[in-house]
Amino acid sequence: MAKAPASARPAGASTFSMLGSDTAITGNIEASADLHIDGRVEGDVACSALVQGESSEITGAIRAETVRIAGAVHGTIAAREVVILRTARIEGDVAYDTLTVEQGARLQGRLSPNGGQTPPAIAQLPKSHEAELVLAE
């Protein structure tokens, strides 16, 4: 009987993707994986879990089960669990089930507990599978 390679992932296992600080993306990102974004994104982000680095900037809507924001966001955020760190700068509305905000974080927008429901405006975001990847030097 053949053995599965040690690097094979079991079915349903979570994966993790990272966009480095030298990465700039223009276009929407949709992933079933967890994302760590340290670069710049101009477009909507939809994923399982999002971790945003301090120097990162996202211009667009964010949809995820959990988000941890440390950089700049210009757009709406909808997630079951939202953590806004002290270095975060958010311009947009935030819909959440659970919310943690560290002292020093800046938020210009409305906070809306959503009771587990994604707001209709976020749920109906157009899904695009096109993205342009630009690597900065």
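Author: A nonpolar core is a set of buried Ala, Val, Leu, Ile, Met, Phe, Trp, Tyr and Cys residues joined through side-chain atoms within 4.5 Å, where buried means under 20% relative accessible area, exposed over 50% and partly exposed in between, with a 1.4 Å probe and protein chains only. This is a predicted model, in which local features need pLDDT of at least 70 and side-chain atom pairs count only at pLDDT 80 or more, while totals for chains, interfaces and linings use all residues. Residues are numbered from 1 along each chain as its sequence is written, and side-chain values use heavy atoms, with hydrogens and water left out.

The largest nonpolar core has 23 residues, and those touching the most other members are Ile 37, Leu 50, Ile 62, Val 67, Ile 69, Ile 77 and Val 82. Two or more residues of this core come from each of β4 (34–37), β9 (62–69), β11 (77–84) and β13 (94–96), strands being DSSP runs of E with at least two residues, and helices runs of H or I with at least four, numbered from the N terminus.

Leaving aside residues up to four places away in sequence, Leu 50 is in contact (heavy atoms within 4.5 Å) with Leu 35, Ile 37, Ile 58, Ile 62, Ala 64, Thr 66, Val 67, Arg 68 and Ile 69.

As for the setting, the protein has 1 helix and 17 strands, and 39% of its 137 residues count as buried. Among the contacts with a separation of 6 or more, 14% join residues 24 or more positions apart.
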